[in-house]
Amino acid sequence: MAARNTWVLVDGENIDATLGGSILGRRPQPDERPRWDRLLAFVADRWEQPAKGLFFLNATEHLPMSFVQALLALGYRPVPLSGPSDAKVVDLAIQRTLAALAERDADVVLVSHDRDFVEGVTALAGPGRRVGVIGFQEFRSAEFASIPGVEFFDLEYDAHAFDARLPRVRIIPIEEFDPAAFLD
């Protein structure tokens, strides 16, 4: 019997835009971007089963071959997409993939903050399937919180996908508060 898989669906545009526009306030440098291999390892370890990554890219204007090659080396399957300038090709492809996964015996982790996926995640959540959402907790659409059974993970604090601490402002549970982090 084949092992059950977790499909990790990465909305690269959404994560990059949130990191650059909302956290750093500028385009991220290469060393400030997530270490995508850590994300797959985190999911596989956390849910104790193989994790397969699909990384969705808008390639309407160009295909970043060096990034695509890096993703392949890290175990992801790049999904380069194109379409008219007014089409949200990455969102459309992820929505279609979420719908297709409803027909498969697999677990799913969405890596995005985007409310456009609430309906698809809701359709997958339920008995017999684990569903997760990973991103930056403070930027995740609040609509995801109303979906029963969905697990939430933070890209930095849970998955440890960054080499350096990001300049984030977040609500800190008192049991995690360390004054030393504010006194340096």
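Trainee: Is R168 buried or exposed?
Mentor: Relative accessible area settles that, with under 20% counted as buried, over 50% as exposed and the range in between as partly exposed (1.4 Å probe, protein chains only). R168 has a relative accessible area of 12% and is therefore buried. This is a predicted model, in which local features need pLDDT of at least 70 and side-chain atom pairs count only at pLDDT 80 or more, while totals for chains, interfaces and linings use all residues. Residues are numbered from 1 along each chain as its sequence is written, and side-chain values use heavy atoms, with hydrogens and water left out.

Trainee: Which side chain meets R168 in a salt bridge?
Mentor: Side chains of opposite charge can pair when their charged atoms come close. The cut-off here is a side-chain nitrogen of Lys or Arg within 4 Å of a carboxyl oxygen of Asp or Glu. R168 pairs with E138 at 2.6 Å, N to O. R168 sits in the segment after strand 6 (150-154) and E138 in the loop between strand 5 and strand 6, so the pair links parts of the chain 30 residues apart. Helices (H or I, at least four residues) and strands (E, at least two) are DSSP runs, numbered from the N terminus. E138, at 29% relative accessibility, counts as partly exposed.

Trainee: How many salt bridges does the structure hold?
Mentor: The structure holds 13. One of them joins K88 to D116, with the closest N and O atoms 2.6 Å apart. K88 lies in the loop between strand 3 (76-81) and helix 4 (89-101), and D116 in the loop between strand 4 and helix 5 (118-124), so this pair ties together parts that are 28 residues apart in sequence. K88 is partly exposed at 48% relative accessibility, and D116 is partly exposed as well, at 24%.

Trainee: Which residues are linked with D107 in a network of salt bridges?
Mentor: The network links R4, D105, D107 and R130. Within it, the side chains of D107 and R130 meet at 3.4 Å, N to O. D107 belongs to strand 4 and R130 to the loop between helix 5 and strand 5, 23 residues apart. D107 is buried, with a relative accessible area of 2%, whereas R130 is partly exposed at 29%.

Trainee: Now the nonpolar part. Which residues touch the most other members of the largest nonpolar core?
Mentor: A nonpolar core is a set of buried Ala, Val, Leu, Ile, Met, Phe, Trp, Tyr and Cys residues joined through side-chain atoms within 4.5 Å. The largest has 28 residues, and V8, W36, L39, V111 and I134 touch the most other members. Strand 1 (6-11), helix 1, helix 2 (36-47), strand 2, helix 3 and strand 4 (107-111) each supply at least two residues of this core. Helix 2 gives the most, with six residues. Apart from this core lies another, of 24 residues, among them L98, F117, L124 and V133.

Trainee: What is I134 in contact with?
Mentor: Contact means heavy atoms within 4.5 Å. Leaving aside neighbours within four places in sequence, the contacts of I134 include L39, F42, V43, V111, F153 and L155.

Trainee: Which residues of helix 1 are buried?
Mentor: An α-helix has 3.6 residues a turn, so residues three or four places apart point the same way. In helix 1 the buried residues are G12, N14, I15, T18, L19, G20, I23 and L24. They pack against strand 1, helix 2, strand 2, strand 4 and strand 5 (131-135). Just after helix 1, G25 takes a positive phi of about 75°.

Trainee: What volume does the largest pocket have?
Mentor: A pocket is an open set of points on a 1 Å grid over the protein atoms alone, where a 1.4 Å probe fits, with protein on both sides within 12 Å along at least five of seven lines; lining residues have an atom within 4 Å of a point. Grid points are joined across faces, edges and corners, and the volume is the space filled by probe spheres set on them. The largest pocket has about 760 Å³. Of its 27 lining residues, D16, L57, N58, P64 and F67 lie nearest the centre. Helix 1 (12-24) supplies the largest share of the lining, five residues.
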